[in-house]
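Me: I would like to go through this protein chain step by step, and I would be glad of careful answers to a few questions about it.

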Amino acid sequence: MSSVGAAFRLVRAGWVLVREGVVAAIPGDQLSGMPKFGWRMARLFTRRRALREGRSDRMAHAVARLGPSYVKLGQFLATRPDVVGNDIALDLALLQDKMRTFPQSAAITAIEASLGRRVSDLYVRLEDPVAAASIAQVHEAEVAYDGVPTKVAVKVIRPGVRKRFHHDLESYFLAARLQEKYIPSSRRLRPVEVTETLAQTTKIEMDLRLEGAALSELGENTKADPGFRVPAVDWERTGRDVLTMEWVDGIKMNDIAGLAEAGHDLKAIAANLIQSFLRHTLRDGFFHADMHPGNLFVEADGTIVAVDLGIAGRLGKKERRFLAEILYGFITRNYLRVAEVHFEAGYVPHKHDVAAFAQAIRAIGEPIHGQPAETISMAKLLTLLFEVTELFDMQTRPELVLLQKTMVVVEGVARTLDPAFNMWKTAEPVVGDWIRSNLGPRGMLDDAREGVGALVSLARQAPDLAARAERLSREIDLMAEHGLRFDEATAKAIGKAEARHTRSGRVALWVIALTLIFIAWKLI
């Protein structure tokens, strides 16, 4: 029955997308056959109001009708331009995660259930909500620390949001499976895997202890950094459904007039923002992945405070080296080195020619060096780079796509503060310092130390590895002699799983078809 319910919810979502003109906004002139017929039918059923609006406005109206999980879906897909395309990704990035507040009584119930204590014992006062998003809302509150009243921010999970997301995720998985099964050309985008990533992301976001841990980690990484910090977490008053943290008094970074009126140096703030982001990415391998201006405050002394760390990105040492050498290679016009890094990192298969790949990268880099430095966009450069690498069979790297999306947003914020912002001049000190520290003699010593440590660990595991190899050899000999066999329980489980997927797919298609016939009959 869950498949039937997921199918009905999927049909309703499709109908809302059609009525609000989202489907009609897709460039249909490039389609052919049934997809083009479906696009034309969608235009017939689109509201007249929607036809006069832009694509981003249509999407905003559609997700407002569909609910919070679709807001989160849109924001997630904005991080995957490789799936939805750059234009649609930019429109989705404009979706505002603003929802109606829920009653304070429901917030009090959630706090007390999560922390096991009465609100009156936890807070001196708890005010009405000051902001609400798809997953949680924020209250102003006051806590007595050693008898001193201190203002705090209390983030509380929206009631019933987990159940709602669970039901909508069933619909997303159904759509992804149908897409993979009936649209072969979409399989390279791995829609089921993309949906699994969304499911994991939302699970993390809906456990506020994990957001608190992310704030704590970023706070430790940046405690010695000038001009950047994150709010401190009150762990005594933090649980699965509630996060209590330091209240931030500052001006939001999207209030340009307010920043200027307060006497802030906008150019210095723009440079500090980019350098802080690159420092977190290259030095720590851990960065705030939702740095839109609504999540950034500027305090009276010019310090940037980043809030709402529900989405964070991580880069391993290999990925950080990859990023730094790419940026430095473009700065120094060493395109061959940029190409070699792709091959060394294993991103481009070795069947391709390094020189040919370097030629493709030169086609990106040379036009950039012919422009004034303040007009060159690092985010656009990475976008072009990923487009070129597709021609050389580079597989999608989710962590790099998230980095690209965040860099697009951060660079955009910097340019609103300083229209003549020089990305390369600002980035060079951070990137250059990382290159010298990690790829010079000191970096080689660190790599050698790590290599020795890995060899010691391998030596310690040698007896266990030998025993495993012996068991594996015996299993392979038995397999060669008798063939690969399943036990009875495994064979039955495989049969049941296959029957269930086939049945659910058929039921979903019948439900969708009957619902569309019903809708068409009602309209006629």
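**Leucine 385 and its surroundings**

Me: Setting aside neighbours within four places in sequence, which residues is leucine 385 in contact with?
Reply: The model shown here is predicted. Leucine 385 belongs to helix α18, which covers residues 378-391. Once neighbours within four places in sequence are left out, the contacts of leucine 385 are Ile326, His342, Ile361 and Ile364.

Me: Is leucine 385 buried or exposed?
Reply: A residue counts as buried when its relative accessible area is under 20%. Because the relative accessibility of leucine 385 is 0%, leucine 385 counts as buried.

Me: How far apart in space are leucine 385 and glycine 365, from C-alpha to C-alpha?
Reply: Along the sequence, leucine 385 and glycine 365 are 20 residues apart. In space, the distance between them, taken from C-alpha to C-alpha, is 9.4 Å.

Me: Which residue in β5 is the bridge partner of valine 154?
Reply: Strand β3, made of residues 148-157, runs antiparallel to β5, and five bridges join the two. Strand β5 spans residues 242-246, and it is largely enclosed by the rest of the structure, because four of its five residues are buried. Within β5, the bridge partner of valine 154 is threonine 244.

Me: What percentage of the residues of the chain count as buried?
Reply: The secondary structure of the chain comprises 23 helices and 10 strands. The chain has 524 residues, and the share of them that count as buried is 43%.

Notes
Residues numbered from 1 in each chain as written. Predicted model: local features only at pLDDT ≥ 70, side-chain atom pairs only at ≥ 80, totals over all residues. Heavy atoms only, no water. Buried < 20%, exposed > 50% of the residue type's maximum accessible area, 1.4 Å probe, protein only. Contact = heavy atoms within 4.5 Å. Pairing = 2+ DSSP bridges.
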